[in-house]
Amino acid sequence: MAIRYAVRSAAISGFLVEAGDAANAILREAGIDPSQLDLADTPIEIAQLQRLLAVAAERLDRPDFGLRVAQHQGLEMLGLLGNVLSGASTLQEVCSIGQRYMSLHSTAEHWQLQTFAGQVHVIRAEHGDPNPLAQQYHEMAIAVFHRVARQLSGQHQRPLRVAFAHSQVGPLKHYLQYFGCDVLFDQEHDCLVYPESAFYAPLPQKDQYQSKEAEDYLASASAQLEDNLELQIRNMITELIGLQDISIERVAALLNLHPRSLQRRLKEQNLEFRDLVQDVRIKLACWHLQASRCDITRLSDMLGYSDLSSFSRAFRRRIGVSPAQWRQQIRQSPAASQH
């Protein structure tokens with residue numbers, strides 16, 4: 001179950017402009033060969049990209065570096081995924097497509113939707129191990145979603161508020177200038193909050209050629225993902241996380257497969273559905289425990305465990321210590337204290 005958590009090199013679009021003459025030195029310090037940026041589809045390890053933005057922010061004394069880079073990005077940066085998104089009719093459909101096909105651009109993150117009291121929360125979830133150097137990357141990712149949403153809606157759509165799980169890293173005015181709304185820190189999630197009415201409002205119409213092109217890209221996207229069954233299932237599990245019953249039947253239906261067919265394909269790849277569910281849950285738990293101040297009981301509910309003791313037992317079996325102990329250890333580590 002070893003998945004490489006990587007993102008297309010296009011995700012660094014704008015880095016060279018913002019870093020200027022220091023760009024190559026910072027790239028090498030982060031372990032990235034500058035030539036990797038020559039092509040948009042070169043995979044870059046997510047930990048390297050996170051380190052790159054953190055190092056750049058420190059070396060250049062620009063605490064808003066992630067936001068600066070995001071200003072150079074949009075649908076075109078997303079490549080195939082961007083072309084698919086351009087055919088969406090609402091922001092809700094944008095997120096639905098993004099949930100299913102995000103791995104065409106990045107295998108390191110996923111986006112979830114939750115609706116509360118007439119508001120839609122677009123929540124960014126992260127796969128892989130938590131990284132104390134990731135704040136700039138998280139800010140860039142949220143800022144890029146904001147930019148894409150505005151690009152698709154004709155530049156008029158703004159969120160009601162933006163939330164980050166980490167603490168504030170730069171002057172508040174930088175965030176306000178970029179997002180144009182309230183920005184909160186030390187929250188349960190990285191997320192953007194939109195009014196439900198705006199989220200389901202029609203986006204500007206595309207012409208017939210663009211719609212046909214989007215259909216062709218969507219078919220191509222499905223074909224590309226079909227061979228990576230494990231990644232598809234992890235995406236589905238992350239999409240359904242928080243439900244008490246993440247069943248193989250539910251995931252099979254989302255993948256348009258019969259449950260027995262999905263079970264057979266998993267067996268052929270020496271995979272167990274139950275193990276995949278547990279792995280996704282524990283990785284998300286580690287991310288929240290490191291990046292946010294989310295209460296552990298609340299986190300247990302968010303991850304779909306029946307109660308706190310079930311969560312604690314599962315976490316201890318996998319990690320070796322309780323969630324509270326792990327959170328304390330990770331926050332006292334040298335890497336965490338440097339940033």
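The charged end of Arg281 sits over the ring of Tyr305, at 4.8 Å from the ring centre. This is one detail of a predicted model, and the report moves from that detail to the chain as a whole.

Leaving aside residues up to four places away in sequence, Ser300 touches Tyr305, Asp307, Leu308 and Phe311. Ser300 is found in helix H15, which covers residues 296-302. Is Ser300 buried or exposed? Its relative accessibility is 0%, so Ser300 counts as buried, the limit being under 20%.

**The chain as a whole**

The protein chain contains 18 helices and 7 strands. It has 339 residues, and 54% of them count as buried. Its accessible surface comes to about 15,400 Å², and carbon and sulfur atoms account for 47% of that area. Among the contacts in the chain with a separation of 6 or more, 68% are between residues 24 or more positions apart.

**The sheet**

Five of the strands are arranged in an open sheet with mixed pairing, in the order E3-E4-E7-E5-E6. From one strand to the next, the twist averages 20 degrees. As background, strands of a sheet pair through backbone hydrogen bonds, and the pairing is either parallel or antiparallel.

Which strands stand at the edges of the sheet? They are E3 and E6 (182-184), and each has a single partner strand, so one side of each has no neighbour in the sheet.

E3 and E4 run antiparallel and are joined by 8 bridges. Within this pair, His110 has Ala125 of E4 as its bridge partner, and Gln114 stands opposite His121 in E4. On to the next strand in the order: E4 pairs with E7 (residues 190-195) in the antiparallel sense, over 6 bridges. There, Val122 has Leu192 of E7 as its bridge partner. E5 (residues 161-163) and E6 pair in the parallel sense, over 3 bridges. In that pair, Val183 in E6 is the bridge partner of Val162.

How many of the 8 residues of E4 are buried? The count is 7, so E4 is largely enclosed by the rest of the structure.

**Two residues with positive phi**

E3 and E4 form a hairpin with 2 residues between them. Ala117 is in this turn and has a positive phi of about 45 degrees, although Ala117 is not a glycine. The loop that holds Ala117 runs between E3 (109-116) and E4 (119-126). Ala117 counts as exposed because its relative accessibility is 84%, where the limit is over 50%.

Asp61 is another residue other than glycine with a positive phi, near 55 degrees. Asp61 lies in the loop between helix H3 (46-59) and helix H4 (65-70). With a relative accessible area of 65%, Asp61 is exposed.

**Aromatic pairs**

The whole structure holds 13 aromatic pairs. One of them is formed by Trp111 and Phe145, which are stacked, with 5.1 Å centre to centre and 25 degrees between the planes. Why does this pair tie together parts that are 34 residues apart in sequence? Trp111 lies in strand E3, whereas Phe145 lies in helix H7 (residues 135-152), so the pair links these two parts.

Tyr178 and Phe179 give another pair. Their ring centres are 5.1 Å apart and their planes are at 75 degrees, so this pair is edge-to-face. An angle over 60 degrees counts as edge-to-face, whereas planes under 30 degrees apart count as stacked.

The table lists the relative accessibility of the residues in these two pairs.

| Residue | Relative accessibility | State |
|---|---|---|
| Trp111 | 7% | buried |
| Phe145 | 13% | buried |
| Tyr178 | 11% | buried |
| Phe179 | 0% | buried |

Trp111 and Phe145 also belong to one aromatic cluster, together with Tyr194, Phe199 and Tyr200.

Key:
Residues numbered from 1 in each chain as written. Predicted model: local features only at pLDDT ≥ 70, side-chain atom pairs only at ≥ 80, totals over all residues. Heavy atoms only, no water. Helix = DSSP H or I, 4+ residues; strand = E, 2+ residues; numbered from the N terminus. Buried < 20%, exposed > 50% of the residue type's maximum accessible area, 1.4 Å probe, protein only. Contact = heavy atoms within 4.5 Å. Areas by Shrake-Rupley, 256 points an atom, 1.4 Å probe, with all protein chains shown as cover. Phe/Tyr/Trp six-rings, centres within 6.5 Å; stacked < 30°, edge-to-face > 60°. Lys NZ or Arg CZ within 6 Å of the ring centre and 35° of its normal. Pairing = 2+ DSSP bridges. Axes fitted to C-alpha atoms, helices over the stretch in contact; angles between N-to-C directions.
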